[in-house]
Amino acid sequence: MGRTQVVSLIGNREKVNLEQTDYYAGIMGDSPSKGARSPALWNAAFKGLGISAMMHPMDVTAEQLGDLIKALRSDSRFIGGAVAVPYKQDVMQLLDAVEDEAETIGAVNCIYRDGGRLVGTNTDGAGGVQSLMNGLGEHSLKGRRILIMGIGGAGRAVATYVAAGLGPSGGLVLANRTAGVAESLAERLKRYCSVRTSAMPVKVGDLEDKDVIINCSLIGYGSVFSDQTGSYTLEPYTPLGPVDGRTRVAPGEGVKRRFVQEAKGSILKNLEASLDAFQHIREGAFLFDIIHQPAQTTLLRLAECHGMAVLNGVGMNLYQAVIAFQKATGASKIRSGPEKEVWETMLNAGK
Ligand SMILES: NC(=O)c1ccc[n+]([C@@H]2O[C@H](COP(=O)([O-])OP(=O)(O)OC[C@H]3O[C@@H](n4cnc5c(N)ncnc54)[C@H](OP(=O)(O)O)[C@@H]3O)[C@@H](O)[C@H]2O)c1
């Protein structure tokens, strides 16, 4: 068990050297080695603050995630880190404890070491709402009408913080492809504000009166996904139109190019419906797409063309990373210092 086993369980192992620093952190996901931003942010903070530690991307399969967590737990030089798509739910049962808030949200995006235990928490909600308020130039969300599309791990985290910020005079609509997920979250958030659920893609009536529209779904995300039937991407689509998720192409060179050609019909249908949907968004509405890769999704581009004020997920990614870094380094007792210092080192790396 330990470091050698950690490396043997990682898909991108040839680029990972855990011996070069006293401590290390990890971001675990399907393919964080292909574009996750956390390593650049955390490593800038480690360097800027003079800590001998490094965050490594850890590409891991669903089958090996449990063994990886076990190996990381047994190595006291591992301080924690981040959890990326698609393991934010799966990882919960593999940890020794999960903080109450992450339990309510139903997803963990940050792990920290508490002695011999690995504990899960969630920093997406706080990071998302902080970034949204900065984008709006406001200190409060009170009384606003907000639509959130996509109630996965990040969507539940953002919705929980948004609902608390809206208060009893605010209205929230939760839209998700799988209806039950949105319904059970709505039940839990009713104590904060008025909440109802909707289907994906949303109906005209869900758009018309909204002050803020937020995309928390995977639709528009730049990754290539693979399953037993082949590879696909959701990058060309927007969550405002239908997504026919059946098209697959063979994995390998030029996947995105081949996918776009193969899925041309469904992409065009999605874009046409999206353009129609924009006609029903009121003037002055604000659009927040929490996706940060790519920095400009199709949804954001179209929103800009319609004159909307927009915000991408880059700021949220920075805020949630600052909160997570504080948690992991503080709990492992390798640093205790103000958030502002971390923020400044990460901000420079994120530019
Ligand atoms: N900026 C940041 O800091 C930050 C942080 C976290 C996440 N994110 C971004 O947020 C997005 C979601 O991440 P996550 O962790 O919440 O992922 P997740 O837990 O896997 O949830 C995925 C969400 O997308 C929906 N979805 C997936 N494929 C769909 C399709 N074909 N049609 C309609 N809906 C579909 C899912 O609906 P079902 O429930 O029906 O499956 C679910 O609501 C990702 O793009 C990620 O990059 C950004």
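This is a predicted model: local features need pLDDT of at least 70, side-chain atom pairs count only at pLDDT 80 or more; totals for chains, interfaces and linings use all residues.

Trainee: How are H2 and H12 oriented to each other: roughly parallel, roughly perpendicular or oblique?

Mentor: Start with the axes of H2 (residues 38–48) and H12 (residues 314–331), which lie 10 Å apart. The angle between them is about 50°. Angles of 65 to 115 degrees would be roughly perpendicular and those under 35 roughly parallel, so H2 and H12 come out as oblique.

Trainee: And which residues of H2 make the contact with H12?

Mentor: On the H12 side, look at Asn317, Leu318, Gln320, Ala321, Ala324, Phe325, Ala328 and Thr329. The residues of this contact divide into nine nonpolar, four polar and no charged. From H2, the partners are Ser38, Leu41, Trp42, Ala45 and Phe46.

Trainee: Which exposed residues does H2 carry on the face turned away from its buried side?

Mentor: First find the buried ones: Ser38, Pro39, Leu41, Trp42, Ala45 and Phe46. They span an arc of only 165° around the axis, so they sit on the same side of H2. The face turned away from that side carries Lys47 and Gly48.

Trainee: Over in H5, is Gly127 buried or exposed?

Mentor: Gly127 is in helix H5 (residues 124–136). Leaving aside neighbours within four places in sequence, Gly127 contacts Met316, Tyr319, Gln320 and Ile323. Its relative accessibility is 0%, and the cut-off is under 20%, so Gly127 counts as buried.

Technical notes: Residues are numbered from 1 along each chain as its sequence is written. Side-chain values use heavy atoms; hydrogens and water are left out. Axes are lines fitted to C-alpha atoms, for helices over the stretch in contact, and angles run from 0 to 180 degrees between N-to-C directions. Helices (H or I, at least four residues) and strands (E, at least two) are DSSP runs, numbered from the N terminus. Angles under 35 degrees count as roughly parallel, over 145 as roughly antiparallel, 65 to 115 as roughly perpendicular and the rest as oblique. Contact means heavy atoms within 4.5 Å. Ala, Val, Leu, Ile, Met, Phe, Trp, Tyr, Cys and Pro count as nonpolar, Asp, Glu, Lys and Arg as charged, and the others, Gly among them, as polar. Buried means under 20% relative accessible area, exposed over 50%, partly exposed in between (1.4 Å probe, protein chains only). The arc is that of the directions from the helix axis to the C-beta atoms.
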